[in-house]
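Please keep the sequence and the structure in view while I talk.

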Amino acid sequence: MAMALTPDFLDGNAAAGDLESLFGTDMTMASGRCRGCGAQMVLAQTHAYLDGPGMVLRCPGCDSVLLRLVVSPTQLWLDAGGLDYLKIPTPQ
């Protein structure tokens, strides 16, 4: 009998609160392009890994790391080196 595997990630919406606290706006509809495969997506479509020391967003197409965010009591580290760009909609 085969066991059904469940993914070990959530969709990018799971990262909404942390990203909004950093950027001050809803980031789920911010868009970017993966430096690894060139796929374009909104952050809500990414694969979010939240179980480590921080948050990692990966490309749903090639699984490359797009963005890493680690928050400590005194510092915040942000690495978005896996994105060619990040386009943030302005509030209306």
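Predicted model: local features only at pLDDT ≥ 70, side-chain atom pairs only at ≥ 80, totals over all residues.

Asp-63 counts as partly exposed, at 36% relative accessibility, where buried means under 20% relative accessible area, exposed means over 50%, and partly exposed lies in between, with a 1.4 Å probe and protein chains only. Its partner in a salt bridge is Arg-58, and the closest N and O atoms of the two are 3.9 Å apart; by salt bridge I mean a side-chain nitrogen of Lys or Arg within 4 Å of a carboxyl oxygen of Asp or Glu. Arg-58 is likewise partly exposed, with a relative accessible area of 25%.

Residues are numbered from 1 along each chain as its sequence is written, and side-chain values use heavy atoms, with hydrogens and water left out.

How many salt bridges does the structure hold? There are four, and as a general point, side chains of opposite charge can pair when their charged atoms come close.

Another of these joins Arg-68 to Asp-79, with closest N and O atoms 2.3 Å apart. This pair links distant parts of the chain, since Arg-68 sits in strand E6 (residues 65-71) and Asp-79 in strand E7 (residues 76-79), eleven residues apart; helices (H or I, at least four residues) and strands (E, at least two) are DSSP runs, numbered from the N terminus. Arg-68 is partly exposed at 41% relative accessibility, and Asp-79 is partly exposed at 31%.

Salt bridges that share partners also join Arg-33, Arg-35 and Asp-84 into one network. Within it, the side chains of Asp-84 and Arg-35 meet at 3.0 Å, N to O, and they too link distant parts of the chain: Asp-84 is in strand E8 (residues 83-87), whereas Arg-35 is in the loop between strand E2 (31-34) and strand E3 (40-42), 49 residues apart.

Finally, the cysteines: how many disulfides are there, if we ask for a pair of cysteine sulfur atoms within 2.5 Å? The count comes to zero. Cys-37 is in no disulfide, and the nearest cysteine sulfur, in Cys-59, is 3.7 Å away, which is too far for a bond. Cys-37 is partly exposed, with a relative accessible area of 41%, whereas Cys-59 is buried at 1%.

Definitions and conventions: Disulfide = S-S within 2.5 Å.
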